[in-house]
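Let's walk through this structure together, starting with its charges and ending at its surface. Please take a look at the sequence and the model first.

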Amino acid sequence: MATKMQKFSSQADPEILASLRKIAKQDGRHFQAVLEDAMRDYIEARRQEKPRAAVMAHFQASLEKNRELVKLLAE
């Protein structure tokens, strides 16, 4: 099943656009496909930046448990 596309308008640094067009040409792909890949990669990178809540809870518990050690190490 094909994805329905939605048009949008934006502005970008001409050097960035030129680089994306060059990549598209080198790969024999459409500019739109390369742009979509770049946007997907950006979204995925942002998702991976945030640690999971459970990990942060364990980290916080460890800090509380070892508060004195943290103070000594900071000195």
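**Charges, chain and surface**

The mean positions of the 14 positive and 11 negative charges of the protein chain lie 6 Å apart. Here Lys and Arg count as positive and Asp and Glu as negative, while His and the chain ends are not counted; each charge is placed at NZ of Lys, CZ of Arg, CG of Asp or CD of Glu. Please keep in mind that this is a predicted model, in which local features need pLDDT of at least 70 and side-chain atom pairs count only at pLDDT 80 or more, whereas totals for chains, interfaces and linings use all residues. Residues are numbered from 1 along each chain as its sequence is written, and side-chain values use heavy atoms, with hydrogens and water left out.

Now for the overall build. The protein chain has 4 helices and 0 strands, where helices (H or I, at least four residues) and strands (E, at least two) are DSSP runs numbered from the N terminus. Its radius of gyration, taken over C-alpha atoms, is 22 Å, while a compact globule of 75 residues would have one near 11 Å; that globule rule is 2.2 Å times the number of residues to the power 0.38. Along the principal axes, the C-alpha atoms fill a box of roughly 60 × 35 × 25 Å. Buried residues make up 7% of the 75 residues, with buried meaning under 20% relative accessible area, exposed over 50% and partly exposed in between (1.4 Å probe, protein chains only).

Next, follow the salt bridges, of which the structure holds 6; each is a side-chain nitrogen of Lys or Arg within 4 Å of a carboxyl oxygen of Asp or Glu. In helix H2 (residues 31-49), Arg 40 and Glu 36 are 4 residues apart, about one helical turn, and their side chains meet in a salt bridge at 3.5 Å, N to O. Arg 40 is exposed at 51%, whereas Glu 36 is buried at 18%. Arg 40 also meets Asp 37 in a salt bridge, at 3.9 Å, N to O. Elsewhere in helix H2, Glu 44 and Arg 47 are 3 residues apart. Salt bridges that share partners join Arg 29, Glu 36, Asp 37 and Arg 40 into one network.

Finally, turn to the surface. Met 56, Phe 59, Leu 63 and Val 70 form a nonpolar patch there, with about 330 Å² of accessible area together. Patches are made of residues with over 30% relative accessible area and no salt bridge, joining like charges within 9 Å and nonpolar side chains (Val, Leu, Ile, Met, Phe, Trp, Tyr) within 5 Å. Accessible areas come from the Shrake-Rupley method with a 1.4 Å probe, and for residues only the protein chains shown count as cover. Helix H3 (residues 53-65) gives the most to this patch, with 3 residues, while Val 70 lies in helix H4 (residues 67-74).
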